[in-house]
Amino acid sequence: MLTDQELDEVYTQACYTMTEVGEARTPVFLARLALLLMKEVGDSRRIRSAIEAARVDVST
Amino acid sequence: MAAVPEYHEYFAYRHYPLRPPRIVDGADPVRHPVAIVGGGPIGLALALGLARHGVRSVLVEADDTVTYGSRAACISRRSLEMLDQLGVARDVLDQALAWTAGTSYYRDVPVYRLQMPMDENQRFPPMVNLQQCMCEQVLADRAEALADRIDIRWQTKLASMAQRDDGVELALETAEGNYRLNADWVVACDGARSAVRQALGLRFSGTTYDGTYIIVDIHLESDYPTERRAWFDPPSNPGSTILMHKQPRDIWRVDYQLRDDEDPQEAVKPENVLPRVRSHLEWIGERDDWRPVWISAYRANCLTLDSYRHGRVLFAGDAAHLVPIFGVRGMNSGIDDAHNLAWKLAAVVQGKARDRLLDSYSAERVFAARENIRHASKSTEFMAPPSAAFKLMREAALGLATKDPFFATLINPRQTSAITFADSPLNAADSDALPAGPVPGAVLAECPVESRQGSQHLTALLGMGYTLLSLTASDPRPTLAGWPLTGVWIASRQTSGADAWDATGRLFPLYGAAPAAFYLVRPDGHVAGRWATLKPQSLRAALGRALD
């Protein structure tokens with residue numbers, strides 16, 4: 001489990017990276033990041049549950 | 001910036017007269033050891049700190065009152081410790097509102113609960129709210145009462161200055177004529193637009209954020225408790241971020257962020273501000289009448305000078321550095337500057353230390369400013385996202401935090417906390433490996449003790465200069481005759497001859513005294529060195545890092 005400090009740091013790194021990538025290409029960056037993290041998690045049940053959690057409240 | 005037309009004073013301001021000195025050939029004939037430019041909270045705190053150490057100062061202030069409007073609003077526990085040394089903590093606490101908690105909301109859902117560090121060892125609350133002007137008045141009252149050591153020149157403006165090897169000459173302007181004033185040392189406490197900084201041609205380096213916040217003080221009678229409340233994207237003001245802090249005398253401080261497409265000049269006008277405040281107050285259920293007291297616009301800056309010593313001119317507070325308001329590090333870090341500088345400048349003026357001690361002031365406080373900027377930048381990135389990416393990630397974090405507390409830590413406003421000077425030139429090597437306790441460069445951890453005077457707190461036992469805290473079971477105190485320090489012997493239990501004892505049993509473990517520990521503490525409360533066994537040569541070497 002990430003510590004608060006580690007979560008904070010990787011969150012900020014993601015923000016800066018997306019700022020560099022630019023708004024237009026950010027969806028592609030996030031999609032690639034999602035795929036890489038799926039590989040790291042390596043557990044389809046947990047990935048499916050994360051996809052469901054990410055989906056909640058997103059539609060407006 | 002812009003006061004609203006119906007601006008009301010927070011309290012009855014005292015207006016101080018112009019008191020020009022005797023002038024001989026266009027100059028104040030007195031040679032002053034220290035001249036302080038700027039009579040805000042930092043200048044006043046520094047004058048009081050110098051006076052406490054027996055050093056006279058002259059303080060030059062352009063206005064005839066303390067500051068107008070809404071500026072700093074929160075005073076930290078660490079600042080209260082410093083204000084206590086200046087003899088004003090009680091006056092501040094009597095007026096201030098203490099708080100320990102806060103709530104952050106996303107839309108209408110609470111997503112983060114802030115708990116400030118508070119436990120049974122503490123002497124002061126982690127934070128109190130008090131308008132800067134009222135804090136300044138407390139300091140000014142105290143300084144005016146010490147007229148033999150603090151000479152405040154109200155209604156006196158710095159026009160120019162010239163630095164020589166042996167001192168600084170200030171050219172001062174008043175309504176009754178101009179005069180020159182000579183001082184051995186000058187400290188610039190004259191704020192963000194420092195005239196001293198401009199006179200020396202010095203520039204800040206760092207970052208300025210684009211996002212603008214509106215600051216509104218309103219008068220509203222409400223029973224809602226004192227805590228920090230933050231709303232992200234509230235239904236009352238979709239897309240905005242709003243902060244609310246309760247202040248004494250039924251004043252509420254409201255801060256809200258403007259959208260990127262809004263013109264700050266227009267947005268700060270009452271006809272644009274008041275509907276938003278009204279909408280929010282109605283939404284949170286505040287039904288009573290209210291009126292605005294102050295409106296201004298604010299933009300976050302992360303700026304500092306690279307050095308706070310330029311020959312015989314020193315910089316403190318906003319004259320030295322600007323940090324974003326999120327996390328309340330502005331006035332608090334300035335008070336810390338004054339606290340760090342007062343004993344060092346006093347020691348140099350009194351010939352107890354060489355002027356290189358002032359270089360340690362610059363090194364420590366530039367380091368502190370960079371730490372403050374680093375933490376405040378994190379707060380700012382969340383409170384005023386600097387790019388679309390930060391905004392997008394914030395929306396994601398806030399949304400997930402409504403369901404999963406794991407993400408709530410990202411919402412932590414990261415309030416100010418004491419800074420450890422791990423690399424200070426004043427630190428002795430930490431070679432004894434005590435199992436616990438503050439390391440060299442850190443501030444003392446608070447703890448109650450019993451003494452012959454009754455219950456006290458550890459930080460209240462410190463002397464005026466360096467203090468040696470000896471924590472031992474029952475051995476007699478070390479012999480310190482002839483040493484330039486105050487010896488405080490704290491025994492593990494009530495012992496004849498001990499200054500205090502660890503009645504709660506919490507102090508010794510907290511300080512790694514198993515069975516003994518010796519802490520050399522600087523006049524500003526930072527640890528200079530610590531040992532399991534005390535050797536005179538170690539103590540002498542540690543003191544020699546600061547004093548001659």
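Colleague: Which residue of β11(B) stands opposite Ala27(B)?

Modeller: This is a predicted model, in which local features need pLDDT of at least 70, side-chain atom pairs count only at pLDDT 80 or more, and totals for chains, interfaces and linings use all residues. Residues are numbered from 1 along each chain as its sequence is written, while chains are lettered from A and ligands numbered from 1 in the order in which they are written. Strand β1 (residues 27-37) of chain B runs parallel to strand β11 (residues 177-188) of chain B over 7 bridges; strands are DSSP runs of E with at least two residues, helices are runs of H or I with at least four, both numbered from the N terminus, and two strands pair if DSSP finds at least two bridges between them. In β11(B), Ala27(B) stands opposite Arg180(B).

Colleague: How many residues does the hairpin between β10(B) and β11(B) pass through?

Modeller: Strand β10 (residues 167-174) of chain B pairs with β11(B) in the antiparallel sense over 7 bridges. Leu172(B) is placed opposite Tyr179(B) in that pairing. The hairpin joins β10(B) to β11(B) through 2 residues.

Colleague: Which residue of β18(B) stands opposite Val187(B)?

Modeller: Strand β18 (residues 313-315) of chain B runs parallel to β11(B), joined to it by 3 bridges. In β18(B), the residue opposite Val187(B) is Leu314(B).

Colleague: How far apart in space are the C-alpha atoms of Met134(B) and Ala73(B)?

Modeller: Met134(B) sits in helix α4 (residues 132-145) of chain B. Leaving out residues up to four places away in sequence, Met134(B) touches Tyr10(B), Phe11(B), Gln95(B) and Pro248(B), where contact means C-beta atoms, placed from the backbone, within 7 Å. Ala73(B) is 61 residues away from Met134(B) in sequence, and the C-alpha distance is 9.8 Å.

Colleague: What is the distance between the end C-alpha atoms of helix α10 of chain B?

Modeller: The expected span of a helix is 1.5 Å times one less than its number of residues. Helix α10 (residues 388-401) of chain B has 14 residues, so it should span 20 Å. The distance between its end C-alpha atoms agrees with that, at 20 Å.

Colleague: Which element gives the most to the side of chain B that touches chain A?

Modeller: The contact takes 14 residues from chain A and 10 residues from chain B. With 5 residues, the most on the side of chain B comes from α10(B).

Colleague: How many residues does domain 2 of chain B bring to its contact with domain 1 of chain B?

Modeller: An automatic or database domain assignment sets the bounds, giving domain 1 (27-97 + 121-205 + 306-376) and domain 2 (448-544) of chain B. Their centres, taken over C-alpha atoms, are separated by 30 Å. Domain 1 of chain B brings 7 residues to the contact, and domain 2 of chain B brings 8 residues.

Colleague: Which strands of chain B are the edge strands, pairing on one side only?

Modeller: In chain B, 7 strands form an open sheet of mixed pairing, ordered β21-β20-β24-β23-β22-β25-β26. Inside it, β23 (residues 485-491) and β24 (residues 500-501) of chain B pair in the parallel sense over 2 bridges. The edge strands of chain B are β21 (454-457) and β26 (527-531).

Colleague: Which peptide bond is cis, with omega near 5°?

Modeller: Most residues other than glycine have a negative phi, and most peptide bonds are trans. Pro515(B) lies in the loop between α11 (507-510) and β25 of chain B. The cis bond runs from Ala514(B) to Pro515(B).

Colleague: Is Asp57(A) buried or exposed?

Modeller: Asp57(A) lies in the segment after α3 (44-55) of chain A. It is not a glycine, yet its phi is positive, at about 65°. Because it has 12 C-beta neighbours inside 10 Å, Asp57(A) counts as exposed.

Definitions and conventions:
Buried ≥ 20, exposed ≤ 12 C-beta atoms within 10 Å, placed from the backbone. Contact = placed C-beta atoms within 7 Å.
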